[in-house]
Amino acid sequence: MGVKECDGCFSCFRAKFSPNDEVPLHVLPKPKEADENAVQELKQADILIVRKIDPCIKLNGEAHHTSKYELMNRSIEPDLVVRRGQPFTIILALNRPYNEAKDAISFIFNVSDEESSFGHGTLICVPMIKQFNRHFPWNVICSSVEDNTVTVQITPASDCVVAKWRMEVDTKIIDGEAYSYSWETGIYILFNPWCKIDQVFLKHEEWREETVLNDVGLIYRGTFNRIRPCIWKYHQFEKDVLECSLYLIKHIGKIHGSFRADPVFIARALSAAVNSVDDNGAVMGNWSEDFSDGTAPTQWIGSMEILQKYYKKKKPVKYGQCWVFSGVLTTICRAVGIPCRPVTNYKSAHDTQNSLTLDYFMDANGKVIEDMNSDSIWNFHVWNEVWMQRPDLGKSYTGWQAIDATPQEQSDDMYRVGPSSVVAVKLGEVKRPYDTGFLFAEVNADKVYWRYTGPNEPLKLLGKDIHSIGKLIITKSPGRWDYEDITRVYKYPENAAEERATMFKALRQSENMFARYYLNDDFNDIDFSLEMRDDIKIGQPFAVTLVMRNVSKSKDYTVMVTLRIDAITYTGKVGECIKQDRFKVLVKAESSTELQTSAAYHEYSKKLMDQAAFNVGCLASVEDTNFEYYTQDEFRVRKPDIKIVLLGPPKQNQEVRVDVYVENPLPVPLKKCEFTIDAPGFEKKLTLRVKGVVAPGKKALVEFKFIPLKSGDQTIAATFKSSDLEDVDGFLNFNVEAAKLDNGQS
């Protein structure tokens, strides 16, 4: 039985056109496949048959900056990972030489995980032609013919769907028989920051390298005056990470069809899909003190384990906080080709009422009334920036867009933020999509303090602080292990006229009642300032000083002061009171007076909350006036760093011994000490326990060995926890010498 002339395959349709004709691609039908018996008759009929396809893994990997993907490095059946808008090469092995005058070859591409549709951009049919045609969205060019092979360059459209694709090759003798070859190799097509007409094109080479290809970096925690760099291994090229990223986009983010080509939709979907609040996303948040049924957020040092666990079970991984959400989101965006970087905002506002102000209600002792306060200030908050054009906003908004996967507030009925143009944030354009008002408040809200004396008594405005939010906004510098200050990208300098003008511009767009109340009759004779002095290590006592300066030239004032120290979470939740002191002092004209309260380790050790942070509040009232003043500030005690020492020069494929230790800074011994280590060549993190107890001032020390399988820059990361000290980490960057071949060459 022979193969009948087909009545609708692509090759028959294509044969009606000359090789240089433009084909109306949206109407092309999918080719039919020949069965096994028909193949034998096709061979006898001299039909052109594809026997095998070489994916040219090494060539394409280097050209598309995808050679590190685990999918490309599998020893058996690797898949092809390429970027859109850029040609990639394959070589067709045929049963006989290709004859241009006699043979027609066409290619059919379809997205593998949803129904194929021309209209949705998930089914594409392309003829092989001689030269590139810029009018075609996709191009397949015959670049060379040699014996029974044809080298082909395929250029996906610069706005094609980002997904895993399948390819079929349809061959046909013009006016004769047809044959279809289905290629088992998958083609992962990613966004392309190197392509000038891709929506995510990033011209700056250093930032492109940092935000797309760098697989290890720093995420900053701590406070603005005690910055704490923490290692994070993004591992966007490792096993299951790209597959998991695409799964989250489609199945959790619910992005289908042509929307999967748009980085704006994908970034917005991912900001929801990474958290699990309302969509069974990748990471479950937990801001309590109990992580017993999961992993504490401070114990994660990378995204790979999280995403691999999630992809295997399709259940949220426990637990994350803002830097974990940001680290995972960075990994996913980089995996699919969107330039992405984590950003830390110190003194980050959480404005729950959309008032663009943070309203605090205080009792007579200067304690925040928790039941009345929904707004909060996080010591630090980590979100992400992605680079892309914003066709929905206009060319002037191209650049970094803020997205945030930490579940704080709902946006369009889902917990997500962004993408919000950083340009729009700086200009106070709080109505611009998406969630620009929320981002603006995070970096630029004003704090307003109110005295509450009872449900039937009027609120009294105690003061306002226009300088304490968005104290410092930073991200890792490209190519350096240091931070880059990007505060002025988000806001005008404090005290600048533009900053106040932008704030009032934003307030005028707010409909909230608190945003309307913005004046206070200030008493200006006494200036108050809180000072936290010295760099305090955990275990040491610390002091807080209030400086009062009377600028009046003739009048003395008696001031009643309450100084209060509370434990606080990094998200602004106040815990137990550690110390409260009251003072009554006379501040003489043209003089300064200092008041101080202090806390020893035994006073604060059992009350510490996450990040070892404290809130210091000062409530002052001036006798014979109606003036009351309130201010607050946060600080943290510094924890020790883990030290990592290589006991010999690191060489590729050779064992290296390593010492890891941390010094006990506490005045009490440490028990149940444990290190978690991630080193090159490890498939899983290594857990090492320290024998016995570690006395004050002594070192908790462990040793391990590893074999670096790759040369070049590598990183070891470690975390430490014990009975009285946790959330301690450290890292070491080093260079591995390449192995030498038998001829002495590297």
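**Buried binding-site residues and nonpolar cores**

Glutamate 499 counts as buried, because its relative accessibility is 1%, below the 20% limit that defines a buried residue. The model described here is a predicted one. Within it, glutamate 499 belongs to helix α12, which covers residues 497–508. Beyond its neighbours within four places in sequence, glutamate 499 makes contact with Asn444, Tyr492, Pro493 and Glu494.

In an unreviewed UniProt entry, the feature "binding site" is placed at Asn444, Asp446, Glu494 and Glu499. These positions are spread over 56 residues of sequence, yet they cluster in space, with a largest C-alpha distance of 11.6 Å. Asparagine 444 lies in helix α10, formed by residues 436–444. With a relative accessibility of 4%, asparagine 444 is likewise classed as buried, because this value is under 20%. When neighbours within four places in sequence are set aside, the contacts of asparagine 444 are Ile469, Lys491, Glu494, Glu499 and Met503.

The largest nonpolar core comprises 105 residues, and Ile90, Phe107 and Phe109 have the most contacts inside it. Helix α8, spanning residues 322–336, gives the most to this core, with 10 residues. Because domain 1 (50–190) and domain 2 (205–517) both give residues to the core, it lies between them. The surroundings of phenylalanine 109 can be listed in detail. Apart from neighbours within four places in sequence, phenylalanine 109 is in contact with Thr122, Leu123, Ile124, Val126, Trp138, Val140, Ile154, Trp165, Arg166, Met167 and Ile187.

In general, the packing of two helices is described by the angle between their axes and the distance between the axes. For α8 and helix α5 (residues 241–252), the angle is about 100° and the axes are 9 Å apart. The two helices are therefore roughly perpendicular to each other, since angles of 65 to 115 degrees are assigned to that class. On the α5 side, the residues that meet α8 are Val241, Leu242, Ser245, Leu246, Leu248 and Ile249. Their counterparts in α8 are Thr331, Ile332, Ala335 and Val336.

Definitions and conventions
Residues are numbered from 1 along each chain as its sequence is written. This is a predicted model: local features need pLDDT of at least 70, side-chain atom pairs count only at pLDDT 80 or more; totals for chains, interfaces and linings use all residues. Side-chain values use heavy atoms; hydrogens and water are left out. A nonpolar core is a set of buried Ala, Val, Leu, Ile, Met, Phe, Trp, Tyr and Cys residues joined through side-chain atoms within 4.5 Å. Buried means under 20% relative accessible area, exposed over 50%, partly exposed in between (1.4 Å probe, protein chains only). Helices (H or I, at least four residues) and strands (E, at least two) are DSSP runs, numbered from the N terminus. Domain bounds come from an automatic or database domain assignment. Contact means heavy atoms within 4.5 Å. UniProt positions are given in the numbering used here, feature names are shortened, and annotations may be inferred rather than shown by experiment. Axes are lines fitted to C-alpha atoms, for helices over the stretch in contact, and angles run from 0 to 180 degrees between N-to-C directions. Angles under 35 degrees count as roughly parallel, over 145 as roughly antiparallel, 65 to 115 as roughly perpendicular and the rest as oblique.
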